[in-house]
Amino acid sequence: MDYAEFADSRLPALSRYAVMLTQDPHLAQDLVQETMVRVQLNWRRVARADSPDRYVRRMLTNQYLDWRRGSWLRRVLLRAEPDEALAVPGDHAEAAAERDQIWAWLSRLPKRQRAALVLRFYEDLPDAEIAEILGRAVGTVRASISRALATLRAQLVEV
């Protein structure tokens, strides 16, 4: 498989993953674009990896965690835009309010905890793969997910 075939086949999934991390489709597009430039520049190394998809997902995750030393995240305006990939319940106003609340809760989590939750519940990856992508031990990933869920539960009780 060459770079163009890889990009054509994986770009939609990488874009969805980036939207879940950044909570903004425009920032996600920038993140994916920057990551894919690096993938293309390092394609030989990426193509030799056991799983190029996992390798690129890790590159994207690291890019998100390190991107501009986090300053871009402080400038993000949380605005939920409809996503055709998500099922829309009957009451659009209620769904929008719920989505806004979820984005707000997720935005308060540290980046690594948010990334771990997205990899677990959105990408449906096992702990070992999440640990590999994040460059952490499996126990650290489990602890991060546990802390993130505890934080979200506490926020839910406050509402």
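A residue is called buried when its relative accessible area is under 20%, exposed when over 50%, and partly exposed in between (1.4 Å probe, protein chains only).

**View 1. The whole chain of this predicted model.** Of the 159 residues in the chain, 40% are buried. The chain has nine helices and zero strands; helices (H or I, at least four residues) and strands (E, at least two) are DSSP runs, numbered from the N terminus. Residues are numbered from 1 along each chain as its sequence is written. Local features need pLDDT of at least 70 and side-chain atom pairs count only at pLDDT 80 or more, while totals for chains, interfaces and linings use all residues, and side-chain values use heavy atoms, with hydrogens and water left out.

**View 2. Helix α7, residues 111-122.** The 12 residues of α7 should span 16 Å at 1.5 Å a residue, and the end C-alpha atoms are 15 Å apart, which agrees. The expected span is 1.5 Å times one less than the number of residues. Among the buried residues of α7 are A115, A116, L117, V118 and L119. Just after α7, D124 has a positive phi of about 60°.

**View 3. Helix α4, residues 52-66, packed with α7.** The two axes, lines fitted to C-alpha atoms over the stretch in contact, lie 10 Å apart at an angle of about 150°. α4 and α7 are therefore roughly antiparallel to each other, a term for angles over 145 degrees.

**View 4. Residues where α4 meets α7.** R57, T61, Y64 and L65 in α4 meet K111, R112, R114, A115 and L119 in α7; contact means heavy atoms within 4.5 Å. Of these α7 residues, K111, R114, A115 and L119 are buried.

Terms used: Axes fitted to C-alpha atoms, helices over the stretch in contact; angles between N-to-C directions. Parallel < 35°, antiparallel > 145°, perpendicular 65-115°, else oblique.
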